[in-house]
Amino acid sequence: MFRDPFTQFARWYSERAARGTAYPDSFSLGTADSSGSVSVRTVLLKEYGPEGFVFFTNYESRKGYQLSQNPAAAMLFYWPESSRQVRIEGIVSRIPENESLNYFMSRPRESQIGAWASNQSTTIPGRSFLEKRFAEFEEKFRGKDIPKPPYWGGYRIIPSWFEFWQEGEHRLHHRTVFRLEKGKWTRYTLAP
Ligand SMILES: Cc1cc2nc3c(=O)[nH]c(=O)nc-3n(C[C@H](O)[C@H](O)[C@H](O)COP(=O)(O)O)c2cc1C
């Protein structure tokens, strides 16, 4: 185990793909509103490092609404092929608009249209409503660059807590926690 959780994460993250994990960039994201109601969903990790962990979404989605009330977030990576999980907790903020724009521009055209067509997490009359909206935006932007919707962009999670979990024999799993204390990462071992 490294002394620094970001180096440790980078090591495990690079090892998980070699084991053939499906959706190797995905993680479970937990958020809660101001009353403490919790929800979890899968999103894709797009960047990671000492600056934090970045994912992209609709700021007006349910998760966006919860994060606007309560910026605390929890991430869970489970890599069964490696018998490992990583848990990360921290505080979320929106990334700068120009960074969201750069990433949006790099996406396939269909995904860009999808971002316009879907007001994520809102109730819709049905599938055909969505397909009609998609076709409408396809037509609207035909032959043009597609602008980024103002409500779409990235969040960066700045961690203050990590746990690296590795399966062990006889249920004696290995659990290493890193906690940020007065600006320094301190490492602990937890009972499994
Ligand atoms: C493998 C996988 C990857 C996903 N990646 C994203 C993502 O990067 N961003 C996103 O907004 N939703 C992603 N989704 C959809 C979310 O799980 C979720 O349905 C959506 O964001 C709405 O969540 P909310 O209503 O809680 O805000 C992904 C789903 C799966 C299964």
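Good morning. The residues of the shell around the ligand divide into five nonpolar, seven polar and three charged. In this count Ala, Val, Leu, Ile, Met, Phe, Trp, Tyr, Cys and Pro are nonpolar, Asp, Glu, Lys and Arg are charged, and the others, Gly among them, are polar.

The model is predicted: local features need pLDDT of at least 70, side-chain atom pairs count only at pLDDT 80 or more, and totals for chains, interfaces and linings use all residues. Residues are numbered from 1 along each chain as its sequence is written.

Let us stay with the ligand. It is surrounded by 15 residues, and Thr 57, Ser 61, Arg 62, Lys 63 and Ser 121 are the closest; a residue is near a molecule if its C-beta atom, placed from the backbone, lies within 6 Å of it. Strand E2 (38-44) supplies the largest share of this shell, five residues. Strand E4 (52-58) and helix H2 (62-69) each supply at least two.

I turn to the whole chain. Its secondary structure comprises five helices and nine strands, where helices (H or I, at least four residues) and strands (E, at least two) are DSSP runs, numbered from the N terminus.

Finally, consider strand E9 (residues 184-189). None of its six residues is buried, so E9 lies largely in the open; buried requires 20 or more other C-beta atoms, placed from the backbone, within 10 Å of a residue's own. E9 runs antiparallel to strand E8 (residues 174-181), and six bridges join them. Phe 178 has Arg 187 in E9 as its bridge partner. Two residues separate E8 and E9 in a hairpin, and Lys 182 in the turn has a positive phi of about 50°. Thank you.

Definitions and conventions
A residue is buried if 20 or more other C-beta atoms lie within 10 Å of its own, exposed if 12 or fewer, and partly exposed in between; C-beta atoms are placed from the backbone. Two strands pair if DSSP finds at least two bridges between them.
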